[in-house]
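Trainee: Can we go through this one together? I would like to start with the strands.

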Amino acid sequence: MFHLGWFCNFSNPPWSGQWSSTEGADWPTGEAHIEFARSLERACFDYVMLEDSSMVSDAYEGSSRVDLKYGLYAPKHDPMILAPALTDVTTDIGIIATCSTTFYPPWLLARRFQTLDHLSGGRIGWNMVTSSEDRAAQNYGMDKLPEHDLRYDVAGEFVEVARQLWDSWEPDALVMDEETGTYVDHTKVHRIDFEGRFHRSRGPMNMVASPQRHPVLCQAGGSPKGRDFAARYADTLLSAETHSVEAMKAFRDDIRARMIGHGRDPDELKIMFITQPVLAETASLAEAKRERMLAGIDARIESSLGHISALTENDLSRFGLDDEFGDLTTNGHRTTLADFMRAGRTPREAALGWSMKNVRFVGTPDSVAAEMGEVMDEVGGDGFLITGSITRRFVDEITEGLVPALQRRGLTRTEYGGGTLRETLREF
């Protein structure tokens with residue numbers, strides 16, 4: 001068996017086209033995401049991972065035109081505020097929200113996630129990001145981001161502070177002893193007195209221990225520094241290394257070896273490979289559907305170039321569409337830039353290749369389910385992270401078409417075990 005999650009954000013669903021959502025202006029209420037989360041829970045998904053960013057990008061052309069025209073990085077609302085709305089209307093599925101170690105103080109983040117863990121009954125997770133754009137940093141009063149690897153050093157210390165704060169109350173500190181009139185046993189609440197290179201915190205936390213003690217920790221970095229960070233701390237890891245089964249297996253083997261090096265059991269971390277299945281009643285219809293996804297080629301190219309420009313802060317509009325790239329570097333998403341460059345030698349080739357990079361499985365629900373099972377067998381585990389629009393049509397294709405086909409093969413769960421999100425992830 002393998003695990004299923006879904007990668008999305010608190011942003012606008014597709015708003016134009018025949019099968020697009022009618023909620024192009026109403027999504028900020030959260031109702032579209034509430035309906036979406038309920039559908040995933042009926043299909044027994046492990047979790048929803050809510051991505052986030054903190055900017056309106058003007059990396060492409062030196063203007064926000066492309067970012068706002070295609071809704072790339074804005075509008076986007078705070079996933080941490082959406083999370084309790086989703087856990088309030090569900091009972092088992094986990095919700096993972098993104099927050100940056102570069103912009104949040106450790107105390108504030110630790111307290112908020114501990115509160116969410118209580119409110120959700122132990123179903124909350126934190127996607128640990130270091131952020132990747134100077135434009136985001138400038139919204140928090142910084143001139144630019146620290147250097148890529150240094151951000152991970154800061155993040156590692158940040159997580160150490162948070163974990164100590166979460167552990168500062170022993171699980172049985174709340175005694176409510178009527179005989180002595182004692183609500184909390186002060187001997188079971190401990191200062192942490194953390195003094196690090198980047199962070200300081202006296203502690204203790206001013207909250208009782210939550211159901212999971214620590215929220216589930218999620219990470220998405222693919223660079224050597226990011227991989228090591230995940231191997232040290234994460235419970236689940238998102239990977240875009242899906243261009244070949246060999247690459248997927250090599251990535252998983254590398255992470256598991258790093259975990260062993262850090263003294264961790266590699267089965268404690270579930271690696272979820274990002275994919276966007278294309279489904280239809282027949283193989284030929286599915287292939288035709290994939291071809292239609294390439295319609296509006298000019299818009300797709302411009303949108304992809306704008307997306308990569310924002311992630312890497314390279315203005316790709318300065319290249320002719322059929323010119324070969326020069327050397328590109330970034331202080332942002334290094335793995336994404338490498339994936340993009342691998343997709344083609346020119347902006348046109350790379351944009352089209354990258355825009356379809358998650359489209360690996362194309363066919364009927366039964367054929368795609370069989371292929372996903374074969375890939376997991378070769379890779380060794382642990383699961384897939386579905387991505388794509390949260391329109392009713394696409395969500396139903398996955399939850400009412402693909403998932404039942406997976407369940408019939410015994411590949412994904414048919415019911416929850418009733419535990420916390422961490423227990424759900426470690427159930428198999």
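**Strand pairing and a surface patch**

Mentor: This is a predicted model. Strand S10 and strand S11 (residues 270–275) run parallel and are joined by 4 bridges.

Trainee: Which residue in S11 is the bridge partner of Leu238?

Mentor: Met272 is the partner of Leu238 there.

Trainee: And what lies between S10 and S11 in the β-α-β unit?

Mentor: Helix H8, residues 245–261, and the unit of S10, H8 and S11 is right-handed.

Trainee: How many bridges join S9 to S10?

Mentor: There are 2 bridges between S9 (residues 216–219) and S10, and these strands run parallel. Gln219 stands opposite Leu237 of S10. From S9 the chain passes through helix H7 (residues 224–233) to reach S10, in a right-handed β-α-β crossover.

Trainee: Back to S10 itself. Which way do the side chains point, and are they buried or exposed?

Mentor: S10 covers residues 236–239. Thr236 and Leu238 point one way, Leu237 and Ser239 point the other way, and all of them are buried.

Trainee: Different topic: the surface. Which residues make the nonpolar patch?

Mentor: Leu174, Met176 and Tyr183 make a nonpolar surface patch of about 330 Å².

Trainee: Where is Tyr183 found?

Mentor: Tyr183 is in strand S6, which spans residues 182–184.

Trainee: Why does Tyr183 count as exposed?

Mentor: Because its relative accessibility is 53%, and the cut-off for exposed is over 50%.

Note on methods:
Residues are numbered from 1 along each chain as its sequence is written. This is a predicted model: local features need pLDDT of at least 70, side-chain atom pairs count only at pLDDT 80 or more; totals for chains, interfaces and linings use all residues. Side-chain values use heavy atoms; hydrogens and water are left out. Patches are made of residues with over 30% relative accessible area and no salt bridge: like charges are joined within 9 Å, nonpolar side chains (Val, Leu, Ile, Met, Phe, Trp, Tyr) within 5 Å. Accessible areas come from the Shrake-Rupley method with a 1.4 Å probe; for residues, only the protein chains shown count as cover. A salt bridge is a side-chain nitrogen of Lys or Arg within 4 Å of a carboxyl oxygen of Asp or Glu. Buried means under 20% relative accessible area, exposed over 50%, partly exposed in between (1.4 Å probe, protein chains only). Two strands pair if DSSP finds at least two bridges between them. A crossover is right-handed if, with the strands pointing away from the viewer, the path from the first strand over the helix to the second runs clockwise.
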